[in-house]
Amino acid sequence: MARVKICGLTDSADLRAAVEAGTDAVGFISEVPVDTPREVDRSQAAALIAETPPFVTATLVTMAETPEEAVSIVRTTRPDALQLHGSFDSEELGFIRAETGIKLIQTIDHTETDRAAELDQVVDALLIDSTDESGAGGTGETHDWAATGELVESLTSPVILAGGLTPDNVAEAVSIAAPFGVDVASGVEAEGGIKDHTAVATFIQNAGRELEVRQL
Ligand SMILES: O=C(O)c1ccccc1N[C@@H]1O[C@H](COP(=O)(O)O)[C@@H](O)[C@H]1O
């Protein structure tokens, strides 16, 4: 079974649709230096996080420029987990964890296998994405799922697969990489920043959760 995070939610209606469709986690993107229709400001992120019900992990996704900024975002928005894009080292990630006590998910580009091994003991999960040159996600690009499957085998941390996933390809991606979880942003949108609720529900079903429940 792959857990699912629906990322880049910008309003309450999309949050409710993702929760009703059975997502395990939701993601709110704030303070990123790239132009994305999925970004919300800190106060919007805080409001959406407060609306997220218990048993659904509210994740703040950011590209904070300094560890102190990351700590400040967590204190202001109060998420359950923090997903970082960018190049903080082990010491900086350790500082953020110690200051906030939050579950830390570090995004790694699929080509950075050495970095994944280096950070394996430092974070709570590694998210393997197809990032752009700035380290941002939301590219809609897939990568080599078999290579991510090798990371799943070799790393201790839970591995989350992201990058170009859609309702049509997520089942195949899960069967090849066998990740702990999958993460999608642009692949379930009706338009930039707005989710297609049918696509969200189909993505969650196709990631295998519904199938697993029926088999129990
Ligand atoms: O979605 C964005 O615009 C974004 C911007 C900056 C950092 C992270 C971002 N999104 C993350 O990237 C993954 C993959 O996106 P996609 O499914 O390929 O569109 C997404 O799940 C977010 O965690």
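The ligand is surrounded by 26 residues, and the closest are Thr36, Gly137, Gly138, Ala185 and Ser186. A residue counts as near a molecule if its C-beta atom, placed from the backbone, lies within 6 Å of it. Strand 2 (25–29) and strand 8 (181–184) are the elements that give two or more residues to this shell. Helices (H or I, at least four residues) and strands (E, at least two) are DSSP runs, numbered from the N terminus. By class, the shell has eleven nonpolar, twelve polar and three charged residues. Here Ala, Val, Leu, Ile, Met, Phe, Trp, Tyr, Cys and Pro count as nonpolar, Asp, Glu, Lys and Arg as charged, and the others, Gly among them, as polar.

This is a predicted model, in which local features need pLDDT of at least 70, side-chain atom pairs count only at pLDDT 80 or more, and totals for chains, interfaces and linings use all residues. Residues are numbered from 1 along each chain as its sequence is written.

Next come the packed helices. Two packed helices are described by the angle between their axes and the distance between the axes. Axes are lines fitted to C-alpha atoms, for helices over the stretch in contact, and angles run from 0 to 180 degrees between N-to-C directions.

| Helix pair | Angle | Axes |
|---|---|---|
| Helix 2 (residues 42–51) and helix 3 (residues 67–77) | about 50° | 9 Å apart |
| Helix 3 and helix 4 (residues 90–100) | about 30° | 9 Å apart |
| Helix 6 (residues 145–154) and helix 7 (residues 170–177) | roughly 45° | within 8 Å |

Angles under 35 degrees count as roughly parallel, over 145 as roughly antiparallel, 65 to 115 as roughly perpendicular and the rest as oblique. Helix 2 and helix 3 are therefore oblique to each other. Their contact is made by Arg42, Ala45, Ala46 and Ile49 of helix 2 and Ile73, Thr76 and Thr77 of helix 3. Two residues are in contact if their C-beta atoms, placed from the backbone, lie within 7 Å. This contact divides into four nonpolar, two polar and one charged residue.

Helix 3 and helix 4 are therefore roughly parallel. In this pair, Pro67, Ala70, Val71 and Val74 of helix 3 meet Glu92, Phe95, Ile96, Glu99 and Thr100 of helix 4. The residues of this contact are six nonpolar, one polar and two charged.

Helix 6 and helix 7 are therefore oblique to each other. On helix 6 the contact uses Trp145, Ala146, Thr148, Gly149 and Val152, and on helix 7 Ala173, Ile176 and Ala177. By class, six of these residues are nonpolar, two are polar and none is charged.
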